[in-house]
Amino acid sequence: MTDAPAFDDHHPPSLELVEDCVHCGFCLPTCPTYSLWGEEMDSPRGRIYLMETGLAGEPMTDTMVQHFDACLGCMACVTACPSGVQYDKLIEATRAQVERRHTRTAVERLLRGTIFALFPYPRRLRLLRGPLRLYQRSGLEKALRRTGILDRTPRLAALESLAPRLGRNVKFPERIAASGPKRAVVGMLLGCVQREFFPEVNAATARVLRAEGCEVVVPKGQGCCGALSVHNGREAEAQRFARAVIDCFDEAGVTFVVVNAAGCGSVMKEYADLLADEPGYAERAKAFASRVRDISEILVELGPVAVRHPLPMVAAYHDACHLAHAQGVRSQPRQLLAGIPGLEVREIADPEICCGSAGIYNVLYPEPARELGDRKAAAVLATGAELLVTANPGCLMQVASSIQRQGGSIAMAHTVEVLDASIRGVSIAGSPHKGV
Amino acid sequence: MDVQGLAQQLREAIGDEKVLTDRAQLRTYECDGLAVYKVMPAIVTLPETAGQVQAVVRACVEAKVPFVARGSGTGLSGGALPHADGVLIVTSKLRSILELDADNERAVLEPGVVNLDVTRAAAPYGYYYAPDPSSQQICSIGGNVAENSGGAHCLKYGFTTNHVTGARLVSPDGAAVQLGGKAPDPPGYDLLGAFVGSEGTLGIATEVTVRLMRAPESVRTLLAAFGSTDDAGAAVSAIIGAGVIPAAIEMMDALAIDAAEAAVRCNYPKGAGAVLIVELDGPASEVEAQFEQVEAHCRTAGAFEIRIAADNAERALFWKGRKSAFAAVGRISPAYIVQDGVIPRTALPEVLRRMAELATEHGVRVANVFHAGDGNLHPLVLFDDAVEGEAERAEELSGAILDLCIEHGGSITGEHGVGMDKAKHMPRMYTDDDLDTMQLLRCAFDPHHLSNPGKIFPTPRLCGEVPGRHTGAHPLQEQGLAEVF
Amino acid sequence: MNDGAVLDDLSKVADDRVRPAGADDSIDGVPPGYVARPSSTDETAELLRVAAHHGLSVVAKGSGTKQDWANPPSRVDLVLDTTAMAGVVEHAAGDLITIVRAGTTMTDLQSALASADQQLALDAPFPSATVGGTVATNSSGPRRVLYGTLRDLLIGITFVRADGVVAKAGGRVVKNVAGYDFGKLLTGSYGTLGVITEVALRCHPLPTTQRVVSIDVPDGEVAADLALGVLRSQVVPSAVEVHQPAAGPVTVIVLIEGVESGLGARADAVRELLGAGAAIGDLPDSFGHYPFGSGDLGLKITTTLTGVGPILSAAQNLGHRHDVPIAVRGSVAGVLYAAMPADSDPVAAARVLAEMRALAATYDGTVVVLTGPVETRRALDVWGPISGLDLMRRLKDQLDPDHRLSPGRFVGGI
């Protein structure tokens, strides 16, 4: 660590964007870390201030990095800011600088290295399925819980508690014909965690698209969209993933690229920024980004044609941060759920505040994540709903784990699973998650 | 000053993680909402209990080190600007609502409780907390007490001082003092009345008892668009002249409307030279009758469009534009100075006209947002600090605007406080004798001049000295505890 | 002290408005040496400078309606009669403010304001009291429920310090946070911090119409319940009073004001809240007046809302137990006045005071002996326990280091 200024010339956080901040503090009440700790340096205003001091020559110290790292990247501050500060761009640029220029502790590096060697690679995740199923179905899980080892190793405990109950795997054909007159040809991103641990969500996505008259293309060999990498400053890695995804879907020749994971969709819509420097990809990335749609967006855009059968239940809808704050998609999922007869949808208190999942945040920072998860769980349970609907696998795992910790129980499903059940005229049991 | 020594003492008193000395962290506390002034504190403390606040103050008193209190850091007069050789005492971790006593219409709050959260907590009982500064979603009760904050609804309901019935504070010599409580009219001097609005110079509140108001039966809000601020001003005079006291009357001029539009898409009527937001509340029958009058007065004054909020959502949208105005101005100008002058309401049309003239003379734009009902102006003097000389002209214009307010018998600050920003303007409003007298109060509370020194008064008074002229450097200047403007 | 020199110096300031004190000039039984009647703030300042020079203790007197309030002064050398400093300086009706000299009577002020259809929304239990005296004793009445008290109505003040320096605070605009709020410090200070010469006040429009709804009920707890029901409703009353005589039914009186078209519905709502027997009528003569007359012992009891009922009950019980008739009258907002006859046994009175004080304290409230026979007051703890007393003493020491302004009248012997 030197006394060199925090940032170098390669895409530092923009001074112009930093100067948009007028220090009004309207972002503080929606920031999860400020709501937990009440400390300026862990608020958007404080983090922007740190960036500004860094741009003016302050060094990138461990402390400074600690506060950048503690940011969940939920972007509730972007929604709240009256001055229009693009904090999302600022934190992404900052994280990339941190990743490149700062040396973390050995333990941190090992943990991050492991996560990034695993999560963006569906095939490697698949290798975990077998052992995880064995762990869950044999008595090993109960035994481990009883030893109390997990209480002393919060990160392992976090991973353990987040792991979903595994169901059967699903195989997708490369092309699925539309049901009835064809209205669009769409590509479908399978994702990584979604693909391996929640394949039924992908299955439901494909079925609903088909039912609504879409020909669905599921390109083989598609990989990770790079969301986790972008959100953690791993720029080169992210760009690699992005180029591969663009190549893959461009080849498939689809009008829209449909995504059912909020985090993935938000990053894919920003591929133009990610690949702005790359000759040969800059233009393609722009075009690609303009074709990306969240599943709820495309369904509302096309307009419903498939008949909905009643689903008489009380549900609560949770806004995933990367859908609501990052993409501004709030009304579409609500509209879709409102179109299901018999389904009552209740709002959750303090919807702007993150559940604490935030990508891999809950693995890296289990304590604050757990507190945030507990608050969200309490708010969810307070609605009295029997089903929690959300649009991100991370949120789903986080809230499930928190609810279970509080001894509560609630069924959980992705928005598209609820639609799928309604269209097929079946009841919805919710995703088979641990203990709920 | 032995920073390390004091920091160690503080750590022992309140815990390691609540005492900050890391430079990066200290820097995030170097300004409040008035970011043009920055001073890095020597130490930042984040106490979690009243006892810890007292321990920090005591340690400062013993070490003869000045201390400054800070809530959410949204103040607009630099009241929470730290002292370079002092301790910043941040109250944001003292954020419990200690008691919500609906039967007695009171709430007991820690100073870090956010203003709006009081109303949220009282709402299920049919009550609310009336003072509503535009920053209420984040500003703290303790900060409100320090500044005697107002807000749009203070026209009818008064300011923080009219809603605080009690406070427990740590006085500047480290003692815990209770002033007032839940019941009205405590006997003795109204020290509580002097404490509210004392901008952190008379100690730090660790508990505040506030009055809750019964939610009104009916609330009706209208938005009226006029061709000019003159017309809108005439409407305001007519409404007040008719004996109607609305809950709020707010005005924004064309430039402010543009900024708000860019920020929050409030969709105010296009082409308006000024908009008025008028809100009435109270018993339904009363409100209905008065609302008709208000509408009629607006039309007579020349409103070309009048919108009446049909429901809470629409009402919130009317207000959204107004409440975001300050921050929104950042979108139409790289920098700005926000003023807080007050004039008698009847002087409004003339003052606005004269301000426009002054703005042209100085070659600087001014956006106007204000509480038209009580004459509290918030001219936003817009400038680009990258352009040569523009910052100086903006500063000059700000001073000229304050002079204009005083000329008309007004005040240099209606709700933002004097802080350090307007200390130099105090002599425009008060004589040396007036300021000397006020400082006798300060001497009673803070003889050692440690509680937020350098704020409010341009020339600090040495306690125990005989009033008179000073020659040479002031002793407090020599000690580095004060500056003379 | 050289009498001749003092009189000379005082006369140089205010010539024929200075005289030696006579038998009728006693302040609460304490005979002064001189009486001066300044006609301006500047004259007041000069007189106080003379007083400082000669070490004279000073008591300001307006209409003299409350000279027998609080403690008698420990000494009085000079009485400053403020009644020559009378008159409205300015009434800016469009701005709803007025600036008035301290020696103006409340009646005169209200007439002046009424000519522009405005009022000072403050009840005057003694209509002939001066504005200065009203501020110094923080007088208030039933309409505090809606309009507040001087805390909420006084926006600016000019006063003269013990050393003769003139100071002002606040201003002529309602919204003003520049500097410390000395207006609040001087309100209720009983003349111990300075001599008030001019105040700026916030005005309100005169209400267009009024309705009065009242009901008689058997006891104080029932009265408090009903009264609180009205206070907590959305009817927005201007006053909610309870009148509990020493014996007999207790009356709840509700005053609502506003536009004619709205009042009918609101009056109906109040009638429903008060229940069977509630009737629309006129304000009783006793409305806004203290239950104690000249010479009676008068107490001011403050409490939270939930304490009103218990305090009314206690007053009845204490009256029976100690054989002293106690009448209570006041606002359900938590400010009640109690009266005991002038010839009440002082020992009984002391017991009533102590027990009532203990009870009020459980409701975060206080009891102050406002007035009474001077010997009774000398024997009682008039002010009771005061929180923040240390700071109050320090303030007094700063403003009047020689303790010459109204010495001994106030809390803690100040």
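The largest share comes from H6(A), which supplies six residues. By class, the lining of the second largest cavity divides into 10 nonpolar, five polar and seven charged residues. The structure described here is a predicted model.

In total, the count comes to 11 cavities of 30 Å³ or more. The largest cavity holds about 370 Å³ of space. Its lining has 26 residues, and the closest to the centre are Ala60(C), Gly62(C), Gly132(C), Gly133(C) and Ala136(C). In chain C, strand E3 (58-61), helix H4 (131-137) and strand E10 (195-202) are the elements that give two or more residues to the lining of the largest cavity. Of these, H4(C) gives the most, with four residues. The lining of the largest cavity has nine nonpolar, 14 polar and three charged residues.

The contacts between chains form the next topic. The table sets out values for two interfaces.

| Interface | Residues in contact | Buried area | Share from carbon and sulfur atoms | Salt bridges | Residue pairs in polar contact |
| Chain C and chain B | 76 residues from chain C, 84 residues from chain B | about 6,200 Å² | 57% | eight salt bridges | 35 residue pairs |
| Chain B and chain A | 35 residues from chain B, 28 residues from chain A | about 2,400 Å² | 52% | four salt bridges | 15 residue pairs |

Between chain C and chain B, the buried area is about 6,200 Å². Lys175(C), Val177(C) and Tyr180(C) together supply 16% of the area that chain C buries against chain B, which is more than any other three residues. Lys175(C) also takes part in a salt bridge, where its side chain meets that of Glu415(B) at 2.7 Å, N to O. Several elements of chain C give two or more residues to the side that touches chain B, including helix H6 (150-153), strand E9 (166-170), helix H7 (182-186), strand E14 (250-258) and helix H9 (260-274). Strand E16 (297-302) and helix H13 (389-399) of chain C are also among them. H13(C) gives the most to this side, with seven residues. The residues of chain C that touch chain B divide into 34 nonpolar, 24 polar and 18 charged.

Between chain B and chain A, one of the salt bridges joins Glu39(A) to Lys93(B), with the closest N and O atoms 2.8 Å apart. On the side of chain B that touches chain A, helix H2 (23-27) and helix H12 (325-328) of chain B each supply at least two residues. H2(B) gives the most to this side, with four residues. By class, the residues of chain B that touch chain A divide into 11 nonpolar, 12 polar and 12 charged.

Definitions and conventions: Residues numbered from 1 in each chain as written. Chains lettered and ligands numbered in written order. Predicted model: local features only at pLDDT ≥ 70, side-chain atom pairs only at ≥ 80, totals over all residues. Heavy atoms only, no water. Contact = heavy atoms within 4.5 Å. Buried area = accessible area lost by both parts, 1.4 Å probe. Polar contact = N/O pair within 3.5 Å; in protein donor to acceptor, adjacent residues only side chain to side chain. Nonpolar A, V, L, I, M, F, W, Y, C, P; charged D, E, K, R; others polar. 1 Å grid on protein atoms, 1.4 Å probe; cavity = no way out; pocket = protein on both sides within 12 Å on 5 of 7 lines; lining within 4 Å. Points joined across faces, edges and corners; volume = space filled by probe spheres on them.
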